[in-house]
Each structure stands twice: as C-alpha cells, then as structure tokens.
Amino acid sequence: MMQQYDEAKLACGDALLFFRMGDFYELFYDDAKVAAKALGLTLTSRDKSNTVPMAGFPHHQLDSYLGKLIKLGHRVAVCDQVEDPKTAKGLVKREVQQIVSPGTVTDLALLDPATSNYLAAVLPGSLLRKKVDREQAAGLVGIAWCDISTGRFYTTTVNEEQLPDLIARLDPSELLVSDKNEEMESHLDRDTLMKTLRPHWAFGIETGRELLLKQFEVASLDGFGLDAFHEVALGAAGAILDYLAETQKSSLEHFDRIVPYRPTQFVEVDSATWRSLEISRTIRSGQREGSLFGVMDRCQTPMGSRLLGEWLANPLIDKAAIEKRQDAIGELVKHQVIREKLREYLKDVFDLQRLLARVATGRATPRDLNHIVSTLQAIPQLKQNLSKAESPWLAELRDELDFCEDLKEELSVAISDPAPAQTKDGGFIREGYDKKLDELRALAAGGKQWIAEYQQQVCDTTGIPTLKVGFNKVFGYYLEVTNVHKDKIPDDFIRKQTLKNAERYITPELKEYEEKVLSADSQASELEFQLFDAVRQLVRAHTVRLKGNAEIIAKLDTLAGLALLAVEQRYCRPELTTEKLTHIVEGRHPVLDIVEPLGAFIPNDTQVDQDGFLHLITGPNMAGKSTYIRQVALISLLAQIGSFVPAKKATLGIVDRIFARVGASDELSRGQSTFMVEMTETARILNTASPKSLVILDEIGRGTSTYDGVSLAWAIVEFLHDHIGCRTLFATHYHELTELEKDFRGVTNFNVAVKEWDEKIVFLHKIVRGSADKSYGIHVSRLAGVPDWVNRRAEQILERLESSGEQEANREAISNASSARNPNQHGKIQMTLFGPAHHPLVDKIKALDANEVTPIGALQMLHQWKSELAEEVDVSET
Ligand code: ADP
C-alpha cells in the first residue's frame, strides 16, 4: 500500500496528499506534519515498529478539511479508492481523483458567491527562447486568467509596469509562473498572492496555440480577436489549459471561448490606487466588508455581484458606452414598480453561471438541475416586467432573454421538486416521466408489499407470531425465528445462520421474490441515473443559450442594484463630458455616506476646471482632507462604471486614468521604506499621468525631513502644473505650498474649515476657498492625550518661531525660487525654509571680541549662558 502511496505522491507534485484508507483519509510524512499543524489533527504513527508520521480524519469530513487547507493557500490532492473494497481482488486500486488549489476550486461550498475566483498565468517576453523573439517582445508580458467555476477565460498582453496593476485588480487566488521566472517572483511580491511554479515548457507559444485550438475545437484562432496582442498572450493561456488538464480530472467543456481583454478601453487604475481607494477590500482588514464594493453591492444574485466587481475593476472610457448604462439605470431609478418587481423576480434566480460549469464538468446534481428549472421559470416574468422598457440597453437585454421553452418543459417533467442533492439517494426522476422506470419502481414497491404479506402468511401457517422477515447484505431476505418457537419450524425452511437467541432461514419462495425486488430496485436506480444523465446532456446541449441568459441576468441584476443604491442614497445622474473638468455639487464620500448615520456626512462642492485644475487643500489633521480627495476620485470612478453618484449634481469630464497616492503605512509589511514606496508611486504618476488623468495626492513628502519634503512637494506641484496639466487634488499640511497660488495660474488654494471655540477646535469638514492659517497640530496632539508638558512646550516654541518672522522669510524664499521654475536652466534652487530658530545667544556670541576677554571672563560668560539656557527649557517650573 505504501508503494501505491508513493506513486500517488509522485503524481501530485507538491500537493498535500489525502490518501483514502477505509473510512479515513490519511496523510503521511511531512504532509502529516503540515496538516496536523494546520488542521489541529493528532500526529501519530501506525505502530512502534513503523514510525512514519501520520495524521487522518474520517472521510465524511473531506470537504471541511479540504476547504481549510485551500483557504490557507495549500494545494491538496485527493487519492480515492476506485474499486469497491468488497469486490476487489487483493489491494484496492487507488487513484488521485482531483488536485485542488485556491485557483481551481469548483466546490460551491468553498467559493465566495459574490466574487470571481481567478486562476492567472503570466509569460514575460523576456523568457522567450529565441533572441529575436525576446527583442520583439521586450517589456511585454502575456497574462491570461480564468474562473474555472464559470468557464470565463481571458487573455491579453500588458507592459511590465502595468502587470502589478492588472494583478491587483484581478486579485487572482493563484498565479502560474514559469520555473525560469525568478524575476517575476520579486516583481509580484505580494504576500497574499499564491504563486505556483510550472515547468517552463508549459508556457510555450506553440503549445498554447495547439491547446487553444483543441479546447475550442477550431482550426484557427482568428475568430477570437487575439491577433491584437503579442503571442505571449497565447503562452499564458496555454499554461492555464495545461494546468487545468493536469489538476482537473473532469471535462473543461465550459471553457468554450477566450475573450481578448483590451486594456485601452478601460480607465487605468494602478495597484497603489486600487488599494488606497479601498475599492474591493479595505486597507486595514483586507476584507470586502467596508470597501466600496462591500457597501454598494445591492445585487440579488451572485452573478450580479460578480459583474459589479468586474465593472468596478474596469471603469469605461467611452462616453456612449457609459451613457448606455446610465440610461438603463436611470429608467430603473424612475420606475419604482419595475425596479422592485425585477429585484423580486431575481430572487428566484440561481447562480446559472456556476451551475452550467457544473453541468459541463459532469458534477451537476439533481438539485442543480432543479435550480436551473427555477431560474428558467423566472425568465418569462423578468421579460414581461420589462415589456415597456425604453432605454435601448434594457430593451435589448429583455429581447435577448431566451425562454428555452423546450428545455424548461423537459426539465420540469423530468426532475422532481424538491430534488435530492446527490444521485445516490435516488428519487430524483419524477413519476410519469418514463414508463419503464415507473414499472420497475412499481415492481420493487410491489415486491416489498408481497414480502409483508408473505410474512403475515407464514406467521399464520406456522403459528409463530413473532416471525419476521429481515434483510442483510450477505443472505438477502431471511425469516427470523426466536429459539422459543424452534420446534414449530416447517421442513422446507433452510437454515442459514444461528444467532444467540434466534435462527435465520430462507425459503425458495422468499428467494424468488427477493430476486425480483432486488433486480427491480437496482434496475430502477440504474435507469433513473441514465435518464438523469440524458437530461444533463440536454442541458449541456443548451449551454450557449443558457449562458446567454446568465449574462443578461447578471447585467439586469447589476443595473437594478445600482438603481436601488441611487434611490436609497439619493444619487444623481452625472453629466459626462470630454472636457477637462470635474464639477460636483454637494458631493459625498460613497462609503462614509452609506455607513454614517443619515445626514452625518458633510457634503462638499468641487469645481476643478481650467481656471483651477490643481487644488491645494490645507487644513489640520483630522479635518477631512483625505476623505474629500478620495471622495472626488471615487465619484469619478463610479461615474465611469455608469453608476449614478453621491452628489446633488455633477458634471464630469471623462478621465483616462485615476491615480491616488494616499497614505503608505500599509506598505510597510512589504519591507520597503515608507518613503521609498511613496516616491516610487509618485514617480509612476509623474511619468504616466496624461492631461486627461485625475490625480489625488495626500501628504506627499511626509516621509522625509521637512526641508526635503516641502521641496519635493513643491517641485511635484510645479511639474504637475507645467508639464502634465491634469486635474489634481493635493492635500498637504505644508502651508508653504499655498504660496504657489500666486505664481501658478491653475493652482487654487482650499482649506478645511475649523472653528475655534472655548480653546477647543471643531472640525467642520467643509472645504472652503483660501489657505488655512494654522495647522492646529498642537490641538490635535492635546486631543490625542499627549502629555501637557509637551503641548505647552510646543506652544512656546511655535510662538517664538512665529514671532521671529522666520516663516515669512521662508515663504518668500520659496516664492522667489518658484520664479526660476526650470531647475536645469537656473541651477540649484537655494532655499532656507525654517533655518534654526534665531537665538539671542547667537547675537551675543557674534558681538563678542574674543581678544578682549580674559580666560576667567570667558569662563564666567559660559556659565551665565548655560544657566540662561537651562531656565528656558525647564518650563515645568514656570
Ligand atoms: P485628514 O486627511 O484631514 O487628516 P480625514 O479625511 O482622515 O482627515 O478625516 C478625519 C475624520 O473626519 C474621519 O474619521 C472622517 O470620518 C471624518 N470626516 C471627514 N470628512 C467628513 C465629512 N465631510 N463629514 C463627516 N465626517 C467627515
């Protein structure tokens, strides 16, 4: 048996092997140690002579243990007994039946319904074998991804720098990389990303092409529109098919096409922006709860939720395409009855996409088919409800809904309702569906009836009142007579078994009926399964039509969800333009607007346009600067997925990219210095933003010394203004920067209003024109409970700094510097921001003529100065 184990282990690579032994799954060697720790199993060994570590669990707990290990990012191979131990000669045959990893999970219980579960593969051009190919594909990466639970399959090529961004938005559960690709390892160094090394040949372009041709049963790939990409896209797609062929021991029929993903159609959102805007997960917990997606999802079906997730990850650029969605949502906003009914009917709809994948892979159960019927039954209502829809897209979706009448008919007469979750339970084909099945069932039932009558009859003839007919697997039907009535046994009873208090007999008559019953029973189950399989094939034949329905339903659901959100949260339909402006009246942060109690969130206006496209927002910490700038970015993003937005009115110029550099503390875990991360991200923005981009920057330059920081922040603003000219919201606590407004036409100062009251400050969270005159840092420090000594001392220092006029001098210095905007032409910019505070002692030292002082006099003077200094610092006694 251990030989069998070794063979299985060899076949499953680095996966943990669950090895079926009788009623248990066992793990051995290191697998046992890993699983014992991860699952809390007891680590044992077979006996004293065999010390191989082992751990196991009862077979019926497979799903739960499998699920736990997958969640922890392990790969698991399940090796089952493929013969019936009762009939097997010698050792039972065992085979690895499936290899499950986070990216290849198909079990619905292990999948999150509301999110796609992607398996992705990457092939960088630099890995191609031939030098000319490498040169041609320099800087490019092929990436393909699929969701095996639905059969969705995409491929594309991106530039190397864009790869982490796409990966961040896709958020795959598992990424296939070539074993030659160590560079990629560091490139995609994300803790949460599970990387699986695959042999490099699996990424071959020709291999990929062949696998795709074979998978889609076509002679050429021309029809898929992949020629727009470099062929590394095929290599990545091939690596996925190769991996699935190895790990999935079932059909991949539901992979019936590959969709070319065209990044240029969508707003570019880089990985840092994606994370810091907390679109699909929050920064703090990494969970969906509390993220934009988490709070705005109102979909009724998992298909709708997954599509919403996809929309958020891919905001549109094309005005007409966005307006098409807006029109549909608008109609559902306006017509409450239609919206509510639509949502009501969607409640009866099941996850058709995942159900169809189960049908294709042969995993569909009777209950799954039942769910398909229920879904089909909802379609006429969905269609009828939209009969008056006027917006072109709603009307189109309605018209394309397919009743699949024939299939629905067949399914509803064939499959019983409710149906069992497993075929082994039987009873899933309806009575009246198949004559032969009905006959066999009647015979089986009739036979049982006969046995009951027979028991009565034998009791009567023998005069043994306690005689019973029983059944076991070894003897089949038998008559059991307790020892008390032993003497009444007739001669034709044949003894089969002796128990402590009773004897068991058979009779020829009993055996004859037994055969009828048993064979009718088994024939009935066999036929029932055949019928079920035929129905399943029928569903399979309807896959394309059903998939079409699934997609339409997903869209209707997403639209209805967004419409409901718009109604609930009083959103407005933004007017889109191609001009470079962002006008928002009473805008709100989409997440805080929902999670805060009604009316608690203070709305703010935004007016970014040619007259002021770069807004500098100053104000104390906690005033609401970050919230405000994120709000503008999120409103733009929402608008470009076609959604209505949390504002009273909005006119929004379409953006091609959104950049957000907000806070970097979450990056510390990646082992880079906060400041390095901050500057890398800033470099990305400055190098790639276009005039049509929207940039939000929060506290740039904070991670270094004040001098460095303010200089960098200053230069960055100048660069954005002069060289890019994109819409920018720049939140900063460097007051010096507000001087920029004087010299830069596009720069406008704003600050967050604060009210001082009773020596305390109240944050009004209101963005107003002009610069903040104070930073209120000490107030905040007091609020935060910093010891009073520090606050008082800080106040003292601040007062001195302010009265010495240094700040004014510094501001002037920077202002002067800004007139020499090109550092190349004018040499180095000299700035003396806050020089060391001017101290009276310095004057004294300057005025001193050292030649005129005696050694004793000098010593006395030193003494005097020292005590003056000591007095100054020790404020606790004043
Ligand atoms: P800053 O970036 O200025 O330090 P934040 O944007 O982080 O400030 O906001 C600080 C706190 O104020 C947050 O807890 C946020 O919930 C709250 N807040 C910000 N803006 C508003 C607003 N417009 N209405 C209500 N609360 C707000």
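**Ligand surroundings and cysteines in a predicted model**

Among the 13 residues around the ligand, those that come nearest are I602, M622, K625, S626 and T627.

**Polar contacts and burial of the ligand**

- On the nitrogen side, a nitrogen atom of the ligand lies 2.8 Å from a backbone N or O atom of I602, a residue that is also listed with those that come nearest to the ligand.
- For oxygen, a polar backbone atom of A623 is 3.2 Å from an oxygen atom of the ligand, while a polar backbone atom of G624 is 3.0 Å from an oxygen atom of the ligand.
- The protein buries 77% of the 560 Å² that the ligand exposes when it is taken alone.

**Make-up of the shell**

- With 3 residues, helix α22, which spans residues 625-640, gives the most to the shell around the ligand.
- By residue class, the shell around the ligand divides into 7 nonpolar residues, 5 polar residues and 1 charged residue.

**Cysteines**

- The count of disulfides in this model comes to 0, where a pair of cysteine sulfur atoms would have to lie within 2.5 Å to qualify.
- C299 has a relative accessible area of 15% and is therefore classed as buried, since buried means under 20%.
- C726 is likewise classed as buried, because its relative accessible area is 0% and the cut-off is under 20%.

How values were computed:
Residues numbered from 1 in each chain as written. Predicted model: local features only at pLDDT ≥ 70, side-chain atom pairs only at ≥ 80, totals over all residues. Heavy atoms only, no water. Near = heavy atom within 4 Å. Polar contact = N/O pair within 3.5 Å; in protein donor to acceptor, adjacent residues only side chain to side chain. Areas by Shrake-Rupley, 256 points an atom, 1.4 Å probe, with all protein chains shown as cover. Helix = DSSP H or I, 4+ residues; strand = E, 2+ residues; numbered from the N terminus. Nonpolar A, V, L, I, M, F, W, Y, C, P; charged D, E, K, R; others polar. Buried < 20%, exposed > 50% of the residue type's maximum accessible area, 1.4 Å probe, protein only.
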